[in-house]
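Dear colleague,

Please find the structure below, followed by an account of what was found in it.

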Amino acid sequence: MTQRYAKKERKTSETYVNVELSLDGTGQASVDTGVPFLDHMLDLFVRHGLFDGKLSAKGDTHIDDHHTTEDVGIVLGQVVLEALGDKKGIKRYGSAFIPMDDALAQVVVDVSNRPHLEFRAEFPKEKVGTFDVELVHEFLWKFALESRMNVHVIVHYGHNTHHMIEAIFKGLARALDEATQIDPRVTGVPSTKGSLS
């Protein structure tokens, strides 16, 4: 099987983002975005999805973390879309329930070519360290848009905001890993339309 790999960069007056990702990896991660909490979440994403990835960014974090977090979500989504190619033989759907101590998150994805984010989470705090928690939604929305996926996120409960977000990123990794797996029973793409592109 040809390795499903892509690399992209994005340059704006606010950020420079460089992402490379292999969907068929072993969980090797190298992450440095200048946003420490985002680095932690992306490291978890690569490792728990059993991808191989290098993600780096330089942005206007002296203002806040918004532009960097948003643009990393954009480029990561683009890389996943490109790495999937024609999507022949994939399972298409993936889901995961992830417990993280007090928190339980559910993430369901459909590699459908129809971008949508459904986000059901209420966090006890507005920040984890210096990271604005509202940026979790921003990241996921841009990722869903650029990867052209349905992404549904439900945090069923939790007390610790860090744990709740960590469960989301681990859940996204596991659900995406499942959805992008090759199923030998699938001929062509799993769609009655005959296309997922």
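Helices H1 and H4 pack at an angle of about 35°, and their axes lie 8 Å apart. Axes here are lines fitted to C-alpha atoms, for helices over the stretch in contact, with angles running from 0 to 180 degrees between N-to-C directions; helices (H or I, at least four residues) and strands (E, at least two) are DSSP runs numbered from the N terminus.

This is a predicted model, in which local features need pLDDT of at least 70 and side-chain atom pairs count only at pLDDT 80 or more, while totals for chains, interfaces and linings use all residues. Residues are numbered from 1 along each chain as its sequence is written, and side-chain values use heavy atoms, with hydrogens and water left out.

In the contact (heavy atoms within 4.5 Å), the residues of H1 include Phe37, Met41 and Phe45, and those of H4 include Ile165, Phe169 and Leu176.

Helix H3 (residues 135–147) has 13 residues and spans 18 Å from its first C-alpha to its last, close to the 18 Å expected at 1.5 Å a residue, the expected span being 1.5 Å times one less than the number of residues. Just after H3, Arg148 takes a positive phi of about 55°.

Gly188 is found in the segment after H4 and touches Lys87, Lys88 and Gly89, not counting residues up to four places away in sequence. The C-alpha atoms of Gly188 and Lys88 are separated by 4.8 Å, although the two are 100 residues apart along the chain.

Yours sincerely
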